[in-house]
Amino acid sequence: MPAPPAPWHTRAQAVVWWHRAASDAPKPDGARATLPVTIAGFVRYLENPVGPYDEIVASPVLRLDPRPAAWIPFIAVDSADSVEGGRANWDLPKTLGSFDLRPPVLSGRGPDWSVEARVRARPRRVPVALAALVVQPRAELRVRVRGRARLATVEVTRSDPAWLREGRHPGVVLDDARADFL
């Protein structure tokens with residue numbers, strides 16, 4: 001069965017963190033300028049065109065040319081339909097993994113990687129609305145997110161990807177957000 005076409009309208013929960021990029025962080029082919037910031041996160045999709053699934057996603061650096069954008073070489077999900085949809089619609093290199101996303105400890109594993117995040121979130125929620133651009137080799141993805149967020153500290157351990165730094169990082173928790181993938 002073919003993947004549902006874009007756009008995908010979703011409802012999700014997420015923990016996102018960021019840190020200074022590792023010196024050996026990969027850079028997208030053809031990028032003339034990058035910002036050395038890594039962004040990563042665990043996401044639980046509650047509603048979307050392929051049904052509920054869990055995900056980890058990471059961008060090792062941000063592109064700055066011709067406009068600010070993420071590039072995603074690492075993304076794993078626990079849904080074969082999501083793998084197919086992400087590859088077909090947005091050229092995302094999705095692979096399968098297994099997840100345990102029960103706060104305050106979130107974890108994901110695959111045959112050659114593992115990531116764990118211990119989350120300590122502040123209680124106060126604030127409204128958030130953001131837009132982001134993801135540029136892959138053969139596609140662009142525009143993302144819009146609306147919801148309520150809490151500031152957090154995220155303690156990360158991992159086996160791989162090596163450029164995803166271990167340690168304590170700033171982050172946010174989105175308890176219930178609406179996201180559009182265009």
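## Ser114 in strand 11

At 16% relative accessibility, Ser114 counts as buried (buried is under 20% relative accessible area, exposed over 50%, partly exposed in between, with a 1.4 Å probe and protein chains only). You'll find Ser114 in strand 11, residues 113–121. Helices (H or I, at least four residues) and strands (E, at least two) here are DSSP runs, numbered from the N terminus.

Who does Ser114 touch? Not counting residues up to four places away in sequence, Ser114 is in contact with Gly108, Arg109, Thr157, Arg158, Ser159 and Asp160, where contact means heavy atoms within 4.5 Å.

## A word on the model

This is a predicted model, so to speak of local features takes pLDDT of at least 70, and side-chain atom pairs count only at pLDDT 80 or more, while totals for chains, interfaces and linings use all residues. Residues are numbered from 1 along each chain as its sequence is written, and side-chain values use heavy atoms, with hydrogens and water left out.

## Two cis peptide bonds

Asp160, one of the residues Ser114 touches, is joined to Pro161 by a cis peptide bond with omega at about 5 degrees. Pro161 sits in the loop between strand 13 (139–160) and strand 14 (167–181).

The other cis bond to look at links Pro103 and Pro104, and its omega is about 10 degrees. Pro104 is in the loop that runs between strand 9 (98–102) and strand 10 (105–110). As background, most peptide bonds are trans.

Helix 1 covers residues 80–90, and its buried residues include Ser82, Val83, Gly85, Gly86 and Trp90. An α-helix has 3.6 residues a turn, so residues three or four places apart point the same way.

Most residues other than glycine have a negative phi. Asp91 belongs to the loop between helix 1 and strand 8 (95–96), and with a relative accessible area of 15% Asp91 is buried.

## Glu55 in strand 4

Is Glu55 buried or exposed? Glu55 lies in strand 4, residues 53–59, and counts as buried at 4% relative accessibility.

The Glu55 side chain makes a polar contact of 3.1 Å with the side chain of Tyr45. A polar contact is a pair of N or O atoms within 3.5 Å; within protein, one must be able to donate a hydrogen and the other to accept it, and residues adjacent in sequence count only if both atoms are side-chain atoms. Leaving aside neighbours within four places in sequence, Glu55 also has contacts that include Gly41, Phe42, Val43, Ile75, Ala76, Val77, Lys94 and Phe99.
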